[in-house]
Amino acid sequence: MSWNSAHGAAMIAAAQAHETLAAAVDDYIDVFGALRRAGVEVMGQKLGGLLGLYIDGSQGVPGCLVNTGLEEVSMRHTAAHELGHHRMGHGTSIDHQEQSSGRWGEGWPQHEREAEAFASWFLMPRAAARVALARCGLACPESPLDVYRMARWLGTPYATTVRHLVRLKMIDRPTEAVWLKHSPGVLKAELAGGLPLGPQAHIHVLTPAAHAATLHVTAGDCLLLTVPGARYDHLPAGLTSTPPDTAGQLSFLDSVPAPEQDRAAWVTQELAVDSTVAATTGSTELFRVNLRRTPSREGSDHFWA
């Protein structure tokens, strides 16, 4: 089966899943909630070289296992991949870090291509992609940095997002090939401009278009305010202006560039599940973003949100 055929089937299956499982298509997709509503039990634990595992319901209740050694966006994509196996009627499947020894996607069996395509269409329907772009203050992605920023609102991996933008007809194949050569680690470092970040942490660039939106964050993430003339107000509990000691060196505590000292904040483990960060501009206008911290994924099926 070709990738085009897999995407054709997966696009229809994902649209049906959005409707059946009451998943909003114009915002960040709650894939773990969708798995719950689909009747799939979920567990999370460190799995080494495995991404995840789907167990069909032929012997009882269907379930899936997600590797919690991955960063959040990779866990979300894996969960959507396993949901694809479930919704498209596949049998029990074990998903490895490397599905083949060649290039990405080469030699994958039909059910793996369908589940992978489903994950992209489920997490990135066109409406959600458009909203993510708008919150970046963009009409279309014009650089790899734009895709990285867009992926932060979608909660999706960088490379997966680049590939799906072709399907959404937002970029062409030659652009995809060039942008896939960019490392997300290098991109986030460029956006951070010297701000320290851990290996699994992300930087969220907050533009004026992000006002009143909800942003999903994890501990270690950095919120960089790029609203003209704006500075953070009093930070709520769980946000700090002190950068993390990412390399075990106290010198990092003095490494924040002076222009960013009032515009950068880091998420800690103490952040409430739902919180709000606000900033004032040079006028009387107030800028705010609602924050939702992702929960621990370790353990059994009680980590849906």
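Guide: The chain has nine helices and twelve strands. This is a predicted model.

Visitor: What share of the residues count as buried?

Guide: Of the chain's 305 residues, 51% count as buried.

Visitor: And the contacts between residues at least 6 apart, how many join residues at least 24 apart?

Guide: Of those contacts, 65% join residues at least 24 apart in sequence.

Visitor: Next, the core. Which residues touch the most other members of the largest nonpolar core?

Guide: Phe118, Phe122, Ile203, Leu206, Leu223, Tyr232 and Leu291 do, in a core of 79 residues. Helix α4, residues 110-123, gives the largest share of this core, six residues.

Visitor: Take Ile203. What does it touch, leaving out residues up to four places away?

Guide: Ile203 touches Tyr148, Arg152, Lys188, Leu191, Ala192, Leu195, Leu197, Cys222 and Leu224.

Visitor: What about His202, where is that?

Guide: His202 is in the loop that runs between α9 (184-192) and β5 (203-206).

Visitor: Buried or exposed?

Guide: His202 counts as buried because its relative accessibility is 11%, and the cut-off for buried is under 20%.

Visitor: Which side chain does the side chain of His202 make a polar contact with?

Guide: That of Tyr148, at 2.8 Å. Beyond its neighbours within four places in sequence, His202 is in contact with Glu71, Val73, Tyr148, Arg152, Leu197, Asp221 and Cys222.

Visitor: Tyr148 belongs to α6, going by the buried residues of that helix. Why is α6 called largely enclosed?

Guide: Because ten of the eleven residues of α6 (residues 144-154) are buried, the helix is largely enclosed by the rest of the structure. The buried ones are Pro144, Asp146, Val147, Tyr148, Arg149, Met150, Ala151, Arg152, Trp153 and Leu154.

Visitor: What is the lining made of, by class?

Guide: The lining of the second largest pocket has eight nonpolar, twelve polar and nine charged residues.

Visitor: Which element supplies the largest share of that lining?

Guide: α3 does, with four residues. Both α3 (72-87) and β6 (214-217) supply at least two residues each.

Visitor: Now Asn67. Where is it found, and is it buried or exposed?

Guide: Asn67 is in strand β3, residues 63-67. Its relative accessible area is 2%, so Asn67 is buried.

Visitor: What does its side chain reach?

Guide: The Asn67 side chain reaches the backbone nitrogen of Leu47 at 3.0 Å and the backbone oxygen of Gly48 at 3.2 Å. Asn67 and Leu50 are 17 residues apart in sequence, and 6.8 Å separates their C-alpha atoms.

Visitor: Last one, Gly57. Where does it lie?

Guide: Gly57 lies in the loop between β2 (50-55) and β3. With a relative accessibility of 37%, Gly57 counts as partly exposed.

Terms used: Residues are numbered from 1 along each chain as its sequence is written. This is a predicted model: local features need pLDDT of at least 70, side-chain atom pairs count only at pLDDT 80 or more; totals for chains, interfaces and linings use all residues. Side-chain values use heavy atoms; hydrogens and water are left out. Ala, Val, Leu, Ile, Met, Phe, Trp, Tyr, Cys and Pro count as nonpolar, Asp, Glu, Lys and Arg as charged, and the others, Gly among them, as polar. A nonpolar core is a set of buried Ala, Val, Leu, Ile, Met, Phe, Trp, Tyr and Cys residues joined through side-chain atoms within 4.5 Å. Buried means under 20% relative accessible area, exposed over 50%, partly exposed in between (1.4 Å probe, protein chains only). Contact means heavy atoms within 4.5 Å. A polar contact is a pair of N or O atoms within 3.5 Å; within protein, one must be able to donate a hydrogen and the other to accept it, and residues adjacent in sequence count only if both atoms are side-chain atoms.
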